[in-house]
Amino acid sequence: MQTLFTGTKPTADRLHLGNYFGALKPFVDLFPKYESFMMVADYHALTTMRSGEALCHNTLEVVRDYVAAGVDPGKVVLFKQSDVPEHTEMAWMFECLVSVPFLMLAHAYKDKVAKGEETNAGLFNYPMLMAADILLYDTDVVPVGEDQRQHVEYAREAASKFNNAYGETFKQPQERIMKDVAVVPGTDGRKMSKSYGNTIPLFGSKDEIVKAVMSIVTDSNAESPTNVYAIHALLRSREELADIYKANKGKYKALKESLIEDIEAMVAPMRQVREYISDDDVKRILKDGGERARARAVRKMNDVRTKVGIAF
Ligand code: ADP
Ligand code: TRP
């Protein structure tokens, strides 16, 4: 059986539709066919977060969201990065193999530098920690959004560098980017992202969903509101939408209401499940997942430690 691995940074306490359609749903659809791992990347979050309380809170919320959205902790190893210290150990070894100019080409780093913003060394090394996440589990497939494609390429490069230096050790992982949902647009038409404040929350109350959808920017002279349609296309087939948009030509409010109804129909059952998952349930799930993940990572790490010469 092939291995599937994905992760999310707990930098917000609620997922949005971009996270759901770009990462979570593809994962939920895929995981039964693989040996699957889903990781909360709390160390990656430290590149930007400074509140310990918020990080703790977000981690609990995100896991609750995953489970409510269909990630079955009995079948998927659901864990947090910091519970498997082998990830940071492995990242260090990759950092000793790749060059500084190579890391300088990473989008996340380059974009920050281009904006004149301060970059910390954690952000600079981010791709090597992510490479460790992926490679320690002999991952075959990494379901991610388009924005993470380069990071998986970096993981392949880290694997090659290690294999060339020490002999065949790591598998080459492949990103899986769902074509139709590669970039979910936000309420302003740009990529939906918490950093743009243009999100529609996945587990928001009905009122919050209504507010977000009603705020979708529409083009005043088009027959069909592009931004509304683009989000609607995630929930319904082209044929169904053709009928709805034909019947409501120019009626933006009615089209938005139809979108709200569809989002609500999808979210309501998940929201209900979510209410019954306590903090203690989440902690139990993470503890169990952490132990299972660690057992696997340690096996790989022992081989690595021997190869690089730090284990006798
Ligand atoms: P944000 O952009 O809100 O900060 P993250 O970077 O935390 O989101 O993304 C978490 C996961 O969700 C990643 O796998 C990312 O590729 C995916 N994702 C986030 N936003 C979108 C989007 N608008 N469309 C598709 N996938 C997305
Ligand atoms: N960098 C990813 C993001 O921003 C999160 C992540 C960390 C991840 N480690 C991973 C994704 C390993 C897939 C595989 O969303």
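A residue counts as buried under 20% relative accessible area and as exposed over 50%; in between, it is partly exposed. The exercises below use these cut-offs on a predicted model.

**Exercise 1. Which residues of helix 11 are buried, and which are exposed on the other side?**

Step 1. Find the helix: helix 11 covers residues 238-247.

Step 2. Pick out its buried residues. They are Leu241, Ile244 and Tyr245. These three cover an arc of only 90° around the axis, which puts them on the same side of helix 11.

Step 3. Turn to the other side of helix 11. There Glu239, Asp243, Lys246 and Ala247 are exposed.

Step 4. Recall the general rule. An α-helix has 3.6 residues a turn, so residues three or four places apart point the same way.

Step 5. Look for the packing partners. The buried residues of helix 11 pack against helix 10 (226-232) and helix 12 (252-275).

**Exercise 2. Against which helix do the buried residues of helix 9 pack?**

Step 1. List the buried residues. In helix 9 (residues 206-214) they are Ile209, Ala212 and Val213.

Step 2. Check the arc. Seen down the axis of helix 9, the buried residues fall within 95°, so they line one face of the helix.

Step 3. Check the other side. Asp207 and Lys211 are exposed there.

Step 4. Name the partner. The buried residues of helix 9 pack against helix 12.

**Exercise 3. Is Glu264 buried or exposed?**

Step 1. Glu264 belongs to helix 12.

Step 2. Apply the cut-off. Glu264 has 16% relative accessibility, so it counts as buried, since buried means under 20%.

Step 3. Find its contacts. Setting aside neighbours within four places in sequence, Glu264 touches Lys206, Ile209 and Arg271. Ile209 is one of the buried residues of helix 9.

**Exercise 4. Where does Glu291 lie, and how many residues separate it from Val84 in sequence?**

Step 1. Locate Glu291. It sits in helix 13, which covers residues 279-308.

Step 2. Classify it. Glu291 has a relative accessible area of 48%, so it is partly exposed.

Step 3. Compare sequence with space. Glu291 and Val84 are 207 residues apart in sequence. Their C-alpha atoms are 8.2 Å apart in space.

**Exercise 5. What is Lys80 in contact with, beyond its neighbours within four places in sequence?**

Step 1. Locate Lys80. It lies in strand 3, residues 76-80.

Step 2. Classify it. Its relative accessibility is 21%, so Lys80 counts as partly exposed.

Step 3. List the contacts. Beyond those neighbours, Lys80 meets Met39, Val40, Asp42, Thr59 and Leu286.

Step 4. Lys80 and Lys9 are 71 residues apart along the chain, and 9.9 Å separates their C-alpha atoms.

**Exercise 6. What radius of gyration does the protein have, and what would a compact globule have?**

Step 1. Count the elements. The protein has 13 helices and five strands.

Step 2. For 312 residues, a compact globule would have a radius of gyration near 20 Å.

Step 3. Compare. The protein has 21 Å, which agrees.

Step 4. Along its principal axes, the C-alpha trace covers about 70 × 45 × 40 Å.

Step 5. Look at burial and contacts. Of the 312 residues, 49% count as buried. Among contacts between residues at least 6 apart in sequence, 78% join residues at least 24 apart.

Step 6. Finish with the surface. The protein exposes about 15,000 Å², and carbon and sulfur atoms supply 52% of that area.

Methods:
Residues numbered from 1 in each chain as written. Chains lettered and ligands numbered in written order. Predicted model: local features only at pLDDT ≥ 70, side-chain atom pairs only at ≥ 80, totals over all residues. Heavy atoms only, no water. Helix = DSSP H or I, 4+ residues; strand = E, 2+ residues; numbered from the N terminus. Rg over C-alpha atoms; globule rule 2.2 N^0.38 Å. Buried < 20%, exposed > 50% of the residue type's maximum accessible area, 1.4 Å probe, protein only. Contact = heavy atoms within 4.5 Å. Areas by Shrake-Rupley, 256 points an atom, 1.4 Å probe, with all protein chains shown as cover. Arc of directions from axis to C-beta.
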